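Hi everyone, thanks for coming. I'd like to walk you through one structure today, so please have a look at it on the screen.

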Amino acid sequence: MTDVFSLSDDLGPLKVIHVNVPKHNVKGILVVDNVAAGPSIGGLRMAPDVTLAECFRLARAMTMKNAAAGLQHGGGKSVIVGDPHMSHAQKEPMIRAFAKALAGEQHYIFGPDMGTDEQCMAWVKDEIGRAVGLPRAIGGIPLDELGATGYGLAVAADVAIDFCDFKLDGARVAVQGFGSVGMHAARFLMQKGARLVAAADSQGTLVDANGIDVEALIAHKKSRQSVTTFGSGEALPPAAVIGVDCDIWIPAARPDVINMSNWQDFKAKLILQGANIPITLEAERKLEERGVVIVPDFIANAGGVICAAMEYHGQTQTGAFAAIAEKISHNTREVLERAKREHGTTRDSAVRLASERVRAAMATRRFGVF
């Protein structure tokens with residue numbers, strides 16, 4: 001069992017809460033990491049194997065992401081143990097009960113994440129009045145439907161390409177996790193001239209060196225079918241996406257998919273981290289030593305939380321997307337230039353950038369983290 005205090009450092013976490021509601025089979029965790037800049041925003045994740053350690057790492061990533069993006073919010077995360085593919089009818093009582101149990105935690109604002117969506121946030125809003133990523137019907141900017149995170153990844157690609165030896169026009173792209181983030185990232189990158197050559201989901205990997213029709217594949221996935229039954233290309237096991245011959249690789253699913261056991265199989269030249277903590281630190285370092293350009297998660301995939309924060313503060317959809325473009329473009333260039341100038345990793349550069357902003361916010365607060 002993970003000791004809560006073994007996770008702590010000078011940035012947090014401020015608070016860890018375990019929730020158990022037997023009537024609705026709810027077992028969940030909330031980690032509020034650091035709220036010096038304002039109440040934390042972070043997604044509610046549903047997965048069968050989530051742990052306190054994973055929830056903490058994700059909450060810390062949100063602290064870094066929100067600080068790097070210059071938002072008036074700290075970082076937090078919540079998780080529920082459960083099947084992310086269960087029906088809305090099955091999810092509703094669990095999510096309503098979890099939200100109600102955390103009604104008094106004013107330091108945390110719910111957002112969508114793996115296994116939850118705009119409808120889930122509408123239930124949270126109905127229970128406690130504190131959620132972002134809401135449906136249009138109740139005044140939200142549906143960030144998953146619009147592809148806010150995927151749009152931000154394409155913005156990061158526009159900047160990162162200046163640090164690579166190939167052009168975005170004609171670049172071959174592989175997406176690991178062809179869900180709400182991965183499919184929109186592919187769609188926005190195709191608009192810039194890139195070509196999708198591989199896409200993976202939990203069932204397998206679809207590979208086609210001649211290029212995959214992105215809009216047709218998105219329609220196929222939305223009909224609740226696997227990429228492996230698309231009808232063209234070659235269907236391979238899920239892990240095959242790691243060694244696909246491509247230029248840009250986008251992890252957009254679970255943590256630690258690239259690690260010390262498989263990093264040597266990797267062939268891409270640029271990684272845009274659509275998922276949070278998708279590569280272990282050791283593997284990241286090995287890949288960068290080999291010359292792979294990496295835009296770390298909390299820099300590249302901040303589009304969703306920037307959109308959510310803009311919604312929370314009453315901005316329009318146009319204003320939200322303008323903010324995503326401005327913030328991610330600026331931060332991607334600053335992180336890549338700093339790493340090049342200091343001969344360090346992009347992760348170290350990004351952490352220093354965000355930590356400086358968190359500590360500057362903490363210096364204004366009597367109790368530091370809040």
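Let's begin with a term: a salt bridge here is a side-chain nitrogen of Lys or Arg within 4 Å of a carboxyl oxygen of Asp or Glu. Before the examples, two notes on where things come from. This is a predicted model, where local features need pLDDT of at least 70 and side-chain atom pairs count only at pLDDT 80 or more, while totals for chains, interfaces and linings use all residues. Residues are numbered from 1 along each chain as its sequence is written, and side-chain values use heavy atoms, with hydrogens and water left out.

So, how many salt bridges does the structure hold? There are 24. Take Lys-15 and Glu-105, whose side chains meet in one, at 3.0 Å from N to O. That pair links distant parts of the chain: Lys-15 sits in strand E1 (residues 15-21), and Glu-105 is in the loop between helix H2 (88-101) and strand E5 (108-112), 90 residues apart. By the way, helices (H or I, at least four residues) and strands (E, at least two) are DSSP runs, numbered from the N terminus.

Are those two partners buried or exposed? Buried means under 20% relative accessible area, exposed over 50%, and partly exposed in between, with a 1.4 Å probe and protein chains only. Lys-15 comes out partly exposed at 32%, and Glu-105 is buried at 17%.

Next pair: Asp-126 bridges to Arg-96, with the closest N and O atoms 2.8 Å apart. Asp-126 lies in helix H3 (residues 118-128) and Arg-96 in helix H2, so this bridge ties together parts that are 30 residues apart in sequence. Asp-126 is exposed, at 55% relative accessible area.

Then there's Arg-347 with Glu-284, where the closest N and O atoms are 2.7 Å apart. Here helix H12 (residues 346-362) supplies Arg-347 and helix H8 (residues 281-289) supplies Glu-284, 63 residues apart. Both ends count as buried: Arg-347 has 11% relative accessibility, and Glu-284 has 3%. Some salt bridges share partners, too, and join Arg-45, Asp-49, Glu-54, Lys-77, Asp-113 and Arg-254 into one network.

On to helix H1, residues 52-68. What length should we expect for its 17 residues? The expected span is 1.5 Å times one less than the number of residues. That gives 24 Å for H1, and its end C-alpha atoms are 24 Å apart, so the two agree. H1 is mostly covered, with 15 of its 17 residues buried. Just after it, Gly-70 takes a positive phi of about 70 degrees.

Now the rings. Rings of Phe, Tyr and Trp (its six-membered ring) pair if their centres lie within 6.5 Å; planes under 30 degrees apart count as stacked, over 60 as edge-to-face and the rest as tilted. A search of the whole structure finds six such aromatic pairs. One of them is Phe-367 with Phe-370, stacked at 5.3 Å centre to centre and 15 degrees between the planes. Elsewhere, ring pairs link Phe-98, Tyr-108 and Phe-110 into a cluster.

Last, the cysteines. A disulfide is a pair of cysteine sulfur atoms within 2.5 Å, and the structure holds zero of them. For Cys-55, the nearest cysteine sulfur is that of Cys-120, 17 Å away. Cys-55 is buried, with 0% relative accessible area.
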